[in-house]
Amino acid sequence: MNATRIALALVAALALAGCDQAKEPVFQGWVEAELIFVGPDEAGRIETLNVREGDQVALQAPLFSVDPDLQLADLAMQEASVKNAQQAYDRATALLKTQAGTQKTMDDAEAALRTAQARLNSSQTRLSRRKMFSPVAGPVQQIYYRVGELVPAGKPIVAILPPANLKLRFFVNEAMLPKLKIGDTVAVSCDGCEAGITAKISFIARASEFTPPVIYSVDERSKLVFLIEARTSTPERLRVGQPVSVALAPAPETLAGSPR
């Protein structure tokens, strides 16, 4: 009887060992964001700021406005240029009709009028862009300048994170590459996260690199690894910078319990 129990225990231990060996490895990674930075085309002082950090903004919602003094002055100058060019064109047209002018003078006046009108359109566009609207929908992650501050050209004032711009990054060794392809589903887990989070692989690096120092794993056996990126359909369940564990999701037939 004791021998039977010992034999059964050995069989169970071997079965558990086989399960552990067949278990898919878990990779350590983190959540990263592709922020959308919104700022003015030209330098200026912030007049209004319509959002705060954490606000959920809709597409084309007003974000901020920058003082338009220089753009208004340029607009007035371009309007005067168009008026002068129009007068010169009308004069050239009248002289050509009476044969007191030349066709070249007429053509030059017409070209000058078109150029002045184009500059006016450009000035109007520059003025309209002093008020910025959100190019995407999502939460405001950070505000870099406040009302009254002078913003250099091209510097962002607001950073927005569209939900679709959240992605997972993790590294695998060369031996795992044949098991992965674009579109594969991976299982994601982290401390405090709800169960059942999945993501689809969207990028597999073709070049290897050395293991980043921020990645710690007792199962790591290779110094050269490949970057993998995956995107989830439930980004609201994750946070930027959050450490995650990524495992290959079981195949559908395994989940269904189909016979071998």
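**Figure 1. An open sheet of 4 strands, with antiparallel pairing.** The strand order is β2-β9-β7-β4. Strands are DSSP runs of E, at least two residues long, and helices are runs of H or I, at least four residues long; both are numbered from the N terminus. Two strands count as paired if DSSP finds at least two bridges between them. The edges are held by β2 (36–38) and β4 (56–57). Each has a single partner strand, so one side of each is left without a neighbour in the sheet. The model is predicted: local features need pLDDT of at least 70, side-chain atom pairs count only at pLDDT 80 or more, and totals for chains, interfaces and linings use all residues. Residues are numbered from 1 along each chain as its sequence is written, and side-chain values use heavy atoms, with hydrogens and water left out.

**Figure 2. Strand β4 beside strand β7.** Strand β7 covers residues 138–143. It runs antiparallel to β4, and 2 bridges join them. Gln-56 stands opposite Pro-139 in β7. Strands of a sheet pair through backbone hydrogen bonds, either parallel or antiparallel.

**Figure 3. Strand β3 and its partners β8 and β5.** Strand β3 spans residues 44–49. It is joined by 2 bridges to β8 (residues 150–151), and the two run antiparallel. Here Gly-44 faces Val-151 as its opposite residue in β8. Strand β5 (residues 62–66) also runs antiparallel to β3, with 3 bridges between them. Thr-48 stands opposite Ser-65 in β5.

**Figure 4. The largest nonpolar core, with 22 residues.** Such a core is a set of buried Ala, Val, Leu, Ile, Met, Phe, Trp, Tyr and Cys residues joined through side-chain atoms within 4.5 Å. Buried means under 20% relative accessible area, exposed means over 50%, and partly exposed lies in between (1.4 Å probe, protein chains only). Leu-168, Phe-170, Val-172, Val-186, Val-188, Leu-238 and Val-244 touch the most other members. Strands that each supply at least two residues include β1 (26–33), β11 (185–189) and β14 (224–231). The largest share, 4 residues, comes from β10. A second, separate core of 16 residues includes Ile-46, Ala-61, Leu-63 and Tyr-145.

**Figure 5. The salt bridge between Arg-169 and Glu-32.** A salt bridge is a side-chain nitrogen of Lys or Arg within 4 Å of a carboxyl oxygen of Asp or Glu. The whole structure holds 13 of them. In this one, N and O are 3.4 Å apart. Arg-169 lies in strand β10 and Glu-32 in strand β1, so the pair ties together parts that are 137 residues apart in sequence. Arg-169 is buried, at 19% relative accessible area. Glu-32 is partly exposed, at 24%. Salt bridges that share partners join Glu-32, Glu-34, Lys-167, Arg-169, Glu-229 and Arg-231 into one network.

Figure 6. The side chains of Arg-126 and Asp-74 meet at 3.2 Å, N to O. Asp-74 is buried, at 16%, while Arg-126 is partly exposed, at 28%. Another salt bridge joins Lys-104 to Asp-108, with the closest N and O atoms 2.9 Å apart. Both residues lie in helix α3, 4 residues apart, about one turn of the helix. Lys-104 is exposed, at 58% relative accessibility. Asp-108 is partly exposed, at 42%.
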